[in-house]
Amino acid sequence: MLAILDYEAVIAIAEEGHFGRAARRLGMTQPALSSRLRRIEEHLDARLFERDRGGVRLTPAGEQFLEGAERVIVAANEAADSARSAQAGLGQTLRIGMTQIAAYQVVVPTLLAFRELHPRARLRLYENTTAALERQLEQSRIDVAFIHPPFHAPGLTERKLASVRLARFNAKPDEKRPRPLIRFPRAEAPVLMGQIGRADADYDGPFPDTEADTMLGAIVLSRAGFGPFVAPEDYPSPFEKSTVCLDHSPTDMVLETSVVYRSLDRRPLLSELVKAAKASCGDRP
């Protein structure tokens, strides 16, 4: 069985790309680190690194092991944090994922209601796209997520919280030449991209599509004149009011937001968070 230091050693070698630097980072000698890596590779019956004059690089097996090693270290650190928190009477830590839209739309009222019930609960927030957060839920890297359906991972329970109409915005309305709507990565937002594609089907101008992976990125691109973007009608601009889009054309597109968690996770604290979400946001149109 591998020890925590074995996982840390592989991570250090991969990140430093050099045995000497990795050994110094871990506080051991280079021969000791090389010996440890040999034992790890013998235990796994797999070669994790290729060595050359330029240093070391991961093999395909090493890349797979590194991904798992990082999860092991995160889990070990979180277990230690939970034990310290319990000893200090601070309660459990809930790892909560959210998109930028869900953050302002449902997460704030949910946490306000939850804090009233559990003022000593420890929370850790993660921001990402719906697809990435769904993967993190499936891998048990977060406990609950506020994201946008539909979902595809098995074993998840969904509670819908809000639905909002989307609108077409333009943060640089003085741009005279029409441009296509700013896109989002299809793998991360397939439903939204399908709607954007239909809304922009008539565009036949000379400009190429532009893409952003977050709503903030879309606003930045739009402000720089790269075209309009689609966002919830009430989405708050992170810029001063003078730069907020003037073209606010409603569409027939709708974005739903749900709270999602693993169906087998029946911890009382998680159930209380879901109840707080439904109570504070569930009656929204």
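The model is predicted, so local features need pLDDT of at least 70 and side-chain atom pairs count only at pLDDT 80 or more, while totals for chains, interfaces and linings use all residues. Residues are numbered from 1 along each chain as its sequence is written, and side-chain values use heavy atoms, with hydrogens and water left out.

**Exercise 1. Describe the chain as a whole.**

Step 1. Count the elements: there are 9 helices and 8 strands. These are DSSP runs (helices H or I, at least four residues; strands E, at least two), numbered from the N terminus.

Step 2. Find the buried share. Of the 285 residues, 45% are buried (under 20% relative accessible area, with a 1.4 Å probe and protein chains only).

Step 3. Look at the contacts (heavy atoms within 4.5 Å). Of those between residues at least 6 apart in sequence, 72% join residues at least 24 apart.

**Exercise 2. Locate the largest nonpolar core and state which elements build it.**

Step 1. Apply the definition: a nonpolar core is a set of buried Ala, Val, Leu, Ile, Met, Phe, Trp, Tyr and Cys residues joined through side-chain atoms within 4.5 Å. The largest has 23 residues, and Val106 and Phe146 have the most contacts inside it.

Step 2. List the elements that give two or more residues: strand 3 (93–98), helix 5 (100–117), strand 5 (144–147), strand 6 (156–170), strand 8 (247–262) and helix 9 (268–281). Helix 9 gives the most, with 7 residues.

Step 3. Follow Val106. Beyond its neighbours within four places in sequence, Val106 touches Phe146, Leu161, Ala162, Thr257 and Cys281.

**Exercise 3. Characterise the lining of the second largest pocket.**

Step 1. Count the lining: 13 residues, with Glu70, Arg71, Val74, Arg95 and Arg141 nearest the centre. A pocket is an open set of points on a 1 Å grid over the protein atoms alone, where a 1.4 Å probe fits, with protein on both sides within 12 Å along at least five of seven lines; lining residues have an atom within 4 Å of a point.

Step 2. Find the main contributor: helix 4 (residues 60–87) gives the most, with 6 residues.

Methods
Buried < 20%, exposed > 50% of the residue type's maximum accessible area, 1.4 Å probe, protein only.
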